[in-house]
Structures are given as structure tokens and as C-alpha cells.
Amino acid sequence: MKAGVVVFPGSNCDHDAYYAVTQNVGAQAALLWHQESQIPSDIDAIILPGGFSYGDYLRCGAIAKFSPIIGAVKKFADAGGLVMGFCNGFQILTESGLLPGALIRNNNLKFRCHQVGLRVETTNTPFTNAAEKGQILTIPIAHGEGCYTAEPHVLDQLEAEDRVVFRYVQNPNGSLRDIAGICNASRNVLGMMPHPERATDPLMGSTDGLVVFRSLLSALVAK
Amino acid sequence: MKAFVYVTLKKTVLDAQGKTVTQALRGMGHAAIADVRQGKYFELTLAEGTDAEAARKEVDQIAAEVLSNPVIEDYRIEFGE
């Protein structure tokens, strides 16, 4: 498996993701600059990393969505390619319309940076097939604007279609219905506020994030 | 000509910052203030000689696609000098 990690000006988890994939998961990775307009043909999955793309100016992800690479990521996703957005990556996916809803300021106005309990709500995704339904993962969050919000009918649809992938055990930011991660209708695009790439080595305090990458690997093998 | 764009959170979206400002004002004794909603303001200066009708369309598109996120925000545009 070779993951393409997109690098925006202001990304700060791009190297974390690259390191996690290459060192802790044992797969390959490449960094993709935001000005590139094509995804190299040897890339199996895309990671939109955390950080503050374009300084989070205007809105988180609002300027990133107009970058050339996002056009390429949309095509990649439309063709069934696997795309994961962590933290700022999730914000970019909602801004780009690849995922529904939006991430707004945490209801407590605090930048929350700590481990959270994350419940796996569905294993019917390429990102959680190696997990168990109801399993509690310990994975860190680090965000000031991670309050997931969407119209009630959108939330109902996400639940009805089994597209809520992760929920917080204890809601840290006011996210509606405790939602921490969702996928698209085709189930090949995942967005989540927590950072699985930062929970891939015992030195990081948890290796629970590995299950996301192991799921990805087995999904790609099955393809 | 200038375009003034006001972007506000939809009424159904929680405005955590506005709520905090409301509480601060009440703490300061401003009992008359029942609620505060915080938003963004953009002032766009149009290039000399820009056709007014075309500019209106263009600014509306910019407000809808760039300056606001239709999932959570509404916008309003005024034109002036």
C-alpha cells in the first residue's frame, strides 16, 4: 500500500501521517504538494492531514478546497479511491462537499488537546473493518473547531445509512449526536477529528490508531 | 464601487463565541443585551471601470462559494462607495 499524504501550506501532521504509515504501519507513503493537479498512479489511498491549511483563514479548509490537489482528490474519490481526512483534513472534506455537515468552533471555546475515548460505530467501512463494533479506541484530539454540525435530516440520514463511523465516549466539543467521524454514501471517504496517526506507537501513549491503517490495508488487499 | 458582504451563522447553528460575549456583557451589567450573534464582514473594492451588473453577479457568486459556507452560514451583500 502506498498512501499519498497531501501537504498544504500550514499542514502540520503531514509528517506524522507519513511517519505513521512508513514506520509504524510498514507501508509506503509519498508527500503530495497541494499545487499538484494529478494523483500519481501508484497511490492507493489519500490522507488529508491535520494542521492549519492556509492558516485556517476565512474558515478551516475554506481555501484548501480550491487548491488543485483537491480537484484531483475529488476525481480519485469519485473513481472509488480511498480518502481519509484527519482533523483539518475532515474540515477540508466537509468544505469541499465530499462529506456532509461542517465543523465549527468547539462549544466550550477551548482548544482541546488530549486523548479521547472513541467508539467504533460501524465496521462496514474500509477504515474500520479490522476493528470490532462497539470497540473503544484511545486516540488523541487536537482542535479548536471540531464541533460537528449538520441539519437534523442530514444527521438522521447518516445514522440510517450506518455512516457514523466514530462517536466520542465523552463529547469534548459539542459535536451533534457525539459524532467524531463519518463516511460518505459510497463509504470510501472518511473524515474524523481525532488523530489515528498520532496513536500508532507505544511511545505516543496508544497504538489504537493502527486499526484504521490495518483496516485500510486489508480493504486494499480485498480490492 | 465597493461591495460589503456580511456573513452570519444560521439561526439554527450554535454561536459559541456570541454566547460568551453575551455572558460577558451581562457580567458587566448590560442587562439590556439579551443575545449576541457574531459574524464576519468583508469589504470588496471593485476594480475601476467594472460593469456594475456583472460585478453584482460576481460578488454574489464569491459570497456564496467562497466567503460563506452554505451549510452553516447566510450572507447579505450591500453595494456602495
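Start with helix 2 of chain B, residues 52-67, whose buried residues are B:Ala55, B:Val59, B:Ala63 and B:Leu67. "Buried" here means under 20% relative accessible area, "exposed" means over 50%, and "partly exposed" is in between, using a 1.4 Å probe and protein chains only. Helices (H or I, at least four residues) and strands (E, at least two) are DSSP runs, numbered from the N terminus. An α-helix has 3.6 residues a turn, so residues three or four places apart point the same way. Turned away from the buried side, the other face of helix 2 of chain B carries the exposed residues B:Glu53 and B:Lys57.

Before going on, keep in mind that this is a predicted model: local features need pLDDT of at least 70, side-chain atom pairs count only at pLDDT 80 or more, and totals for chains, interfaces and linings use all residues. Residues are numbered from 1 along each chain as its sequence is written, chains are lettered from A and ligands numbered from 1 in the order in which they are written, and side-chain values use heavy atoms, with hydrogens and water left out.

So what do the buried residues of helix 2 of chain B pack against? They pack against strand 1 (2-9), strand 2 (39-45) and strand 3 (73-80) of chain B, where contact means heavy atoms within 4.5 Å. In chain B, three strands form an open sheet in the order 2-1-3, with antiparallel pairing; two strands pair if DSSP finds at least two bridges between them. Strand 2 and strand 3 of chain B are the edge strands, each pairing on one side only. Strand 1 and strand 2 of chain B run antiparallel and are joined by seven bridges. Look at B:Val7, for instance: its bridge partner in strand 2 of chain B is B:Lys40. Helix 2 of chain B packs on the sheet, and its direction makes about 155° with that of strand 3 of chain B. For that angle, axes are lines fitted to C-alpha atoms, for helices over the stretch in contact, and angles run from 0 to 180 degrees between N-to-C directions.

Now for some rings. Over all chains, the structure holds five aromatic pairs. Rings of Phe, Tyr and Trp (its six-membered ring) pair if their centres lie within 6.5 Å; planes under 30 degrees apart count as stacked, over 60 as edge-to-face and the rest as tilted. A:Phe8 and A:Tyr54 make a tilted pair, 6.2 Å centre to centre with 55° between the planes. The two are 46 residues apart, so to speak from distant parts of the chain, and both A:Phe8 and A:Tyr54 are buried.A:Phe86 and A:Phe213 form an edge-to-face pair, 6.2 Å centre to centre and 75° between the planes. A:Phe86 is in strand 4 (residues 82-86) of chain A, while A:Phe213 is in helix 5 (residues 210-222) of chain A.

Back in chain B, ring pairs link B:Phe4, B:Tyr6 and B:Tyr41 into a cluster. B:Arg76 lies over the face of B:Tyr6, 4.4 Å from the ring centre. A charge sits over a ring if NZ of Lys or CZ of Arg is within 6 Å of the ring centre and within 35 degrees of the ring normal.
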